[in-house]
Amino acid sequence: MLQLRLITPADRTEDVTALLDGTVGTTNLIVLRGAACEPAGDVVSCDVAREAADELLDELREFGIDGDGSITLQDIAVSLSERVQRAEHAVPGDPADAVLWESLTEVTQEESTLSFTYLAFLAVATMIAACGVVLDNAILIVGAMAVGPEFGPLAGVSTALVQRSPRQAGRSLLALVVGFAAAMALTAGFALLMDAAGMFEEPMLERERPETSFIWQPDPVSFVVAFLAGIAGTLSLTSAKSGALVGVAISVTTVPSAANAAVAIAYGSTTQAQGSGQQLLTNLGGIILAGVLTLLVQKFFWARAKRRERALMEEGAGHGQ
């Protein structure tokens, strides 16, 4: 269940409460007249089943509440109420299958911001991966994958393409391109600094590396793994099962590929730089394609379920008459 809190202009409160009261899957409706100060208005809140929330948000925006008032939606960790259970059961479908497009857009926008923190995480992750590829240490590679924040912009691109939002797509692509370019440049400098300190040597990169050589040797399996990881990551975002993102983070070699390319460029190894670049592009493309297709499938089946629900409700109303 989700908790919906609204600040509504007084002249629209009756219409809003009627909408909430008549929506299947809502309960615990509360109206506080004149309780809001900024913006001024009434405070209306209720609990709503996740499956009903997306359509309800669209209808509330038609009232202009997002412009003249406020709409806040948040998860409810625990709710001990038989009314809540009945409201959940009244809505067809499973909560895990429901996509909250407004929430998904907001999350991916936040994760796609080209901020200092984002750049710092990506650069640090790439440097850790650089240590992993030079030392042929798989543990460091896994650690670097988990630290990397690149899935946010990747999900942002997928969401923007499905939602047909060029601005969001451009913003996410900017975060990816600038982020990886900056991280690779810093990592190349880091590699040269480690070389000057005697901790890195060019022969360490060119030797046989059984644990990490796959990073600069792309093959069809690389695309398959990236595609599957993209599906899992997208599902984890849309179903609010964010724990699965950890698995996604350590499934694809985006950050390690960027790191190997950066070290290879620093040492002038054209072969490894090209191979790593191909691996990076393969993984990025696979994740974005998987994200787009997963969201389109979810959108199709959820819309189909909603149409079936409306048909059943209209049929029941007809029999009632």
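A residue counts as buried when its relative accessible area is under 20%.

**Figure 1. Overview of the predicted chain.** The model is predicted. Of the 321 residues in the chain, 45% count as buried. The secondary structure comprises 14 helices and 4 strands. Along its principal axes, the C-alpha trace extends about 80 × 45 × 35 Å. When contacts between residues at least 6 apart in sequence are considered, 79% of them join residues at least 24 apart.

**Figure 2. Pairing of strand 2 with strand 3.** Strand 2 and strand 3 (residues 40-48) run antiparallel and are joined by 7 bridges. Threonine 26 has valine 48, in strand 3, as its bridge partner.

**Figure 3. Helix 5 against helix 8.** Helix 5 covers residues 101-111 and helix 8 covers residues 151-163. Their axes come within 8 Å and cross at roughly 135°. Helix 5 is therefore oblique to helix 8, since an angle over 145 degrees would be needed to count as roughly antiparallel. The crossing of helix 5 and helix 8 is left-handed. On the helix 5 side, the residues that meet helix 8 are Trp101, Leu104, Thr105, Thr108 and Glu111. Their counterparts in helix 8 include Gly152, Pro153, Ala155 and Gly156.

**Figure 4. Helix 9 against helix 13.** Helix 9 (residues 166-196) packs against helix 13 (residues 254-267) at an angle of about 50°, and the two axes are 8 Å apart. Helix 9 and helix 13 are therefore oblique to each other. Helix 9 passes helix 13 in a right-handed crossing. From helix 9, the contact is made by Phe180, Met184, Thr187, Ala188, Ala191, Leu192 and Asp195. Helix 13 contributes residues including Thr254, Val255, Ala258, Val263 and Tyr267.

**Figure 5. Isoleucine 265 in helix 13.** Isoleucine 265 lies in helix 13. Its relative accessibility is 54%, so isoleucine 265 counts as exposed, the cut-off being over 50%.

Figure 6. In soluble globular proteins, nonpolar side chains tend to be buried together. The largest nonpolar core in this model has 51 residues. Phe180, Phe200 and Val263 are the residues with the most contacts inside this core. Leaving aside residues up to four places away in sequence, valine 263 touches Ala130, Val134, Ala191 and Leu205.

Methods
Residues numbered from 1 in each chain as written. Predicted model: local features only at pLDDT ≥ 70, side-chain atom pairs only at ≥ 80, totals over all residues. Heavy atoms only, no water. Core = buried A, V, L, I, M, F, W, Y, C linked by side-chain atoms within 4.5 Å. Buried < 20%, exposed > 50% of the residue type's maximum accessible area, 1.4 Å probe, protein only. Contact = heavy atoms within 4.5 Å. Pairing = 2+ DSSP bridges. Helix = DSSP H or I, 4+ residues; strand = E, 2+ residues; numbered from the N terminus. Axes fitted to C-alpha atoms, helices over the stretch in contact; angles between N-to-C directions. Parallel < 35°, antiparallel > 145°, perpendicular 65-115°, else oblique. Left-handed = near helix turned anticlockwise from the far one by under 90°.
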